[in-house]
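Dear colleague,

A summary of the findings follows it.

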Amino acid sequence: MYKKQIKAQKLLCLAAIIVSGVFFIYSLGIMTDLYDSFYSTMRNANDIWNSSVEGSQIYYFMQGLNQQLLMCSIALILMALLLFVTNTHVRRKYYIGNYFSTGLYAVAAVAMSVWGHIQIEAYKAYYLTNVNFEQLKEHAEMWGTLYTESTFWFDLHYLVFGLMILVSVLLVLNAVWKMQLMKDEAKLIEEGRRVNA
């Protein structure tokens, strides 16, 4: 049973690194369509309201969120690396550091997912209700820029954050499984001592 559990914990620690990396890539890409569509609509960089497309200010409004997502993704990568620093991926018995690194990653990933979801959904609603897509289409045709009404980059967060939450839940379940195996092993050792005594 320990072999299966150790294999599972190794895969989950790798999954934590991979999912954190996906979050990092997502935080880099979320502004792609907004930049391509709206940056050229600003007539004066010092006055974001001087724009040929109503609602294009979302590009500037989301800059802060984009930076926060990037910082969060880097922090999550470091927390995933902590799983390897504490040997959580190969340790037969868990110690306090293993539980700490597992709990830290799980709590942080879930908290970032919930916070990110709330923020991104708010900006998606702003995008859909405030952007004048007719003006955007005219601008795109005139200047050869991107025209899209797609919410792909907004909606992609469901997949990214869903994977983060899934890996977090599995890491916690793995830790519970590990505790049960350690408890069972200690019980067997104690019973063996009693028999030998």
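Helices here are DSSP runs of H or I with at least four residues, and strands are runs of E with at least two, numbered from the N terminus.

Please note that this is a predicted model, in which local features need pLDDT of at least 70 and side-chain atom pairs count only at pLDDT 80 or more, while totals for chains, interfaces and linings use all residues. Residues are numbered from 1 along each chain as its sequence is written, and side-chain values use heavy atoms, with hydrogens and water left out.

Several residues of helix 4 are buried, among them Leu65, Leu69, Cys72, Leu76 and Leu83. Buried means under 20% relative accessible area, exposed over 50%, and partly exposed in between, with a 1.4 Å probe and protein chains only. An α-helix has 3.6 residues a turn, so residues three or four places apart point the same way. Glutamine 67, also in helix 4, is exposed, with a relative accessible area of 53%. The C-alpha atoms of glutamine 67 and serine 27 are 8.1 Å apart, although 40 residues separate the two in sequence. After helix 4 comes asparagine 87, which has a positive phi near 60 degrees.

Glutamine 9 belongs to helix 1 and is buried, at a relative accessible area of 0%. Beyond its neighbours within four places in sequence, glutamine 9 is in contact (heavy atoms within 4.5 Å) with residues including Thr88, Tyr94, Asn174 and Lys178. Lysine 10, likewise in helix 1, is partly exposed, with a relative accessible area of 40%. With neighbours within four places in sequence left aside, lysine 10 is in contact with His89 and Val90.

Which salt bridges does a search of the whole structure find? There are 2 salt bridges, each defined as a side-chain nitrogen of Lys or Arg within 4 Å of a carboxyl oxygen of Asp or Glu. One joins glutamate 185 and arginine 92 (2.8 Å, N to O). This pair links distant parts of the chain, 93 residues apart: glutamate 185 is in helix 7, and arginine 92 is in the loop between helix 4 and helix 5. Glutamate 185 is buried at 17%, whereas arginine 92 is partly exposed at 41%. Aspartate 155 and lysine 124 also meet in a salt bridge (2.6 Å, N to O). Here helix 7 supplies aspartate 155 and helix 5 supplies lysine 124, 31 residues apart.

A search for disulfides, meaning pairs of cysteine sulfur atoms within 2.5 Å, finds 0 in the whole structure. Cysteine 13 is buried, with a relative accessible area of 1%, and cysteine 72 is buried at 19%.

Finally, a nonpolar patch on the surface includes Val110, Ile118, Leu159 and Leu166, and its residues together have about 810 Å² of accessible area. Helix 5 (96-130) and helix 7 (152-196) each give two or more residues to this patch, and helix 7 gives the most, with 7 residues. Patches are made of residues with over 30% relative accessible area and no salt bridge, like charges being joined within 9 Å and nonpolar side chains (Val, Leu, Ile, Met, Phe, Trp, Tyr) within 5 Å. Accessible areas come from the Shrake-Rupley method with a 1.4 Å probe, and for residues only the protein chains shown count as cover.
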